[in-house]
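Hi,

Here is the structure I promised to pass on. Have a look at it first, and then read my notes on the salt bridges below.

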Amino acid sequence: MYKELPKLVMFRELGQDSVITRLSEIIREFDSGKYDKTDLIGEIYEQIHELLKIATDYGFDKNLWQDYITFVIVTNENPFSLTCERQGISNGSCNGFAVSDMKVFNRLFGYDFSRLEEALGVDCFSIITNYTSIQKRKQIYNRSVSERVRELSDRIRDNLEKAADETSAAEGTLELVTAFYRDYGVGMIGLNKAFRIGDGLQFIPISNSDEVHLSDLIGYDIQKKKLKENTEAFLAGSPANNVLLFGDAGTGKSTSIKALISEYYKDGLRMIELYKHQMKYLSAVISSVKSRNYKFIIYMDDLSFEEEETEYKYLKAVIEGGLETRPDNILIYATSNRRNLIRETWNDINDIQLDKHHSDTVQEKLSLVSRFGMTIGYIRPDKKLFDEIVKGIAAKYPEIGLSEEELIKEATKWEISHGGMSGRAAKQFIDYIVAIHSS
């Protein structure tokens, strides 16, 4: 293995701490004959532990080693893979290097660990190459990554079994890999649906979220229609607007935006969640994804600013008004309980407060809202709609066992003591009823 990795050209950057790199060093040490058996076994088990962690995070199964090699290939962002993502494979000298790299990965894919196991008296490699994972809830691991990687891993294995020679096997693997880049992208941005921003502008995948669809949100048909039409125009490359969803708490604003990922992930939509305190990084986030072959919605939930806060100026400049034009593959969707986003004070209402003019102050604050080309209002449901929401959610839980009349009666009691009628109150009520009938 350690003789193969130096031959990599396009995929050379694997990282010093990668399982492949570390196992390569272990095998080099083993082949030298100058090793302490106990220490070497400990180092092997440490890498097996790392491999199991990755397999658990991404739901790998059967042959964890081959799934991991595939995972490394599809997440390696390099000039070749990024070019394939944007325009597919094309003729050029790089293809020769890529074929050579695929030969290396094919050898790693079928690497025989038996001599290490026999010499050291371990069976860990036999276990990970014939592994049965424990069934997990899909929120525990990244299902979208798992399915894609495992499918490609199976295809590479079939290709190796059918190929006539090493060169045709490498060309077949390259064809499979570049098709994957074209269809799903490269790196964690290609494989995942949604992200938040961590330290150092790191994109951290969000995998532990429930899958929701717009059809799960009962009512608000006009609002959902506007949101879908704008998003579909965006994905089609047509002009589309930044969107502000405003209105009462618990009415489904956040759910509507989150549901877009489930609806349009296969069409190339990705979502980046940005918090208010990260607003100063907005330009840097946009710069890091503007050349990728996806459409990105930068999602800002519960967006509002107090009078003394000035972060909204970063948002104003990026949306419209700065020197740099917003890329065509990026839109900003935000939710807020406030129509104007920024709290108005008594000073704003006075025509003149000291030497500050009311019109200037109000214009400064309203200019942020005006930069959202589309604003969609969500108001609290009336009694009829609230009852429909309760019944719609309850229909998913037949174990409740209450009649429709009893259900609505109890829901009315609940909303009176829990902040009034809203979709959130209805969901919380159903969760409460389900818990009672499940105990």
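This is a predicted model: local features need pLDDT of at least 70, side-chain atom pairs count only at pLDDT 80 or more; totals for chains, interfaces and linings use all residues.

**Salt bridges in the model**

The side chain of Arg 107 meets that of Glu 4 in a salt bridge, 2.7 Å from N to O. This pair links distant parts of the chain, 103 residues apart: Glu 4 sits in the segment before helix 1 (19-32), while Arg 107 belongs to helix 5 (residues 93-109). Is Glu 4 buried or exposed? Glu 4 is buried, because its relative accessible area is 15%, and buried means under 20%.

As a bit of background, side chains of opposite charge can pair when their charged atoms come close.

Next, go to helix 8 (residues 143-162), where Glu 151 and Arg 155 are four residues apart, or about one helical turn. Their side chains form a salt bridge too, at 3.0 Å from N to O. Glu 151 is partly exposed at 34% relative accessible area, and Arg 155 is also partly exposed, at 46%.

Then there's Lys 391 with Glu 404, a salt bridge of 3.5 Å, N to O. Lys 391 is in helix 17 (residues 383-394) and Glu 404 in helix 18 (residues 404-417), so the pair ties together parts 13 residues apart in sequence. Lys 391 is partly exposed at 24%, whereas Glu 404 counts as exposed at 52%.

Salt bridges with shared partners also join Glu 4, Lys 7, Arg 107 and Glu 166 into one network. How many salt bridges are there by this rule? The count comes to 20.

Cheers

How values were computed. Residues are numbered from 1 along each chain as its sequence is written. Side-chain values use heavy atoms; hydrogens and water are left out. A salt bridge is a side-chain nitrogen of Lys or Arg within 4 Å of a carboxyl oxygen of Asp or Glu. Helices (H or I, at least four residues) and strands (E, at least two) are DSSP runs, numbered from the N terminus. Buried means under 20% relative accessible area, exposed over 50%, partly exposed in between (1.4 Å probe, protein chains only).
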